[in-house]
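Here's a quick briefing for anyone meeting this structure for the first time. Have a look at the picture, then read on.

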Amino acid sequence: MFVIVGVVALAALAGGGAYALRVAFAGPPVPKTVVYHDPGGRFYFTAPALWSVTSQSDGALVTDSSGANTVTIKDAPAVGGQSAVTIAEGMAHQQGLQTGQPVMIGGDSWQQRSGRVTGQDGATREIVALVDLRAGEVYTIELSSPTSSFATINNLVYQPLLASFAFA
């Protein structure tokens with residue numbers, strides 16, 4: 001009987017210790033979010049409150065406090081004969097990205113290109129470029145993070161942002 005009680009007590013201590021270690025070494029939870037509305041009335045999305053959203057004439061730039069992780073959203077008039085595929089292919093060729101499966105964002109199917117790119121500074125970054133042609137406008141969203149942190153930032157920030165993106 002004492003052996004069973006001892007084993008149960010030891011298991012409880014081990015479980016509590018494992019939980020304490022998890023809490024001590026886990027990354028911080030994603031903070032509250034804010035809804036950004038494009039001043040041009042084109043789109044809106046939700047971003048972490050601790051990230052900066054800078055309005056630009058052609059869209060918005062979303063960055064973390066270090067500037068290492070970014071989301072760039074742009075809108076430009078389409079040039080005759082362009083399609084989302086041709087624009088995405090041009091971006092892919094320019095940056096050395098690979099073709100991915102189209103993804104649904106804001107109710108539209110967006111072309112996706114992605115890959116690892118080594119910048120002039122020697123840092124390797126994971127890039128995901130998304131392209132949509134809507135009502136004569138070309139919308140692009142580019143996600144960029146150092147390769148070492150991309151998976152985490154993608155899960156905690158990029159995917160929720162993309163899921164919340166909508167056209168106004």
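What percentage of the 168 residues of the protein chain count as buried? The figure is 34%, where buried means under 20% relative accessible area with a 1.4 Å probe, protein chains only. Keep in mind that this is a predicted model, in which local features need pLDDT of at least 70, side-chain atom pairs count only at pLDDT 80 or more, and totals for chains, interfaces and linings use all residues. Residues are numbered from 1 along each chain as its sequence is written, and side-chain values use heavy atoms, leaving out hydrogens and water.

**The overall layout**
- The protein chain has three helices and ten strands; these are DSSP runs numbered from the N terminus, with helices being H or I of at least four residues and strands E of at least two.
- Starting at the N terminus, the elements go α-β-β-β-β-β-α-β-β-β-β-α-β.
- The accessible surface of the protein chain is about 9,700 Å², and carbon and sulfur atoms hold 61% of that (Shrake-Rupley method, 1.4 Å probe).

**Strands that pair up**
- Three strands make an open sheet in the order β1-β2-β10, with antiparallel pairing (two strands pair if DSSP finds at least two bridges between them).
- β1 (33-37) and β10 (166-167) are at the edges with a single partner strand each, so one side of each has no neighbour in the sheet.
- A hairpin of two residues links β3 to β4, and Gln-56 sits opposite Gly-59 in β4.

**Helix α3 and the cores**
- Helix α3 (residues 147-164) lies across β2 and β10, at about 155° to β2 (angles run from 0 to 180 degrees between N-to-C directions, with axes fitted to C-alpha atoms, for helices over the stretch in contact).
- The largest nonpolar core has 24 residues, and among those touching the most other members are Phe-43, Trp-110 and Tyr-158; such a core is a set of buried Ala, Val, Leu, Ile, Met, Phe, Trp, Tyr and Cys residues joined through side-chain atoms within 4.5 Å.
- α3 gives this core its largest share, six residues.
- A second, separate core of ten residues includes Ala-84, Met-91, Val-131 and Val-138.
- Setting aside residues up to four places away in sequence, Tyr-158 touches residues including Trp-51, Val-71, Leu-143 and Phe-150 (contact means heavy atoms within 4.5 Å).

Technical notes: Buried means under 20% relative accessible area, exposed over 50%, partly exposed in between (1.4 Å probe, protein chains only).
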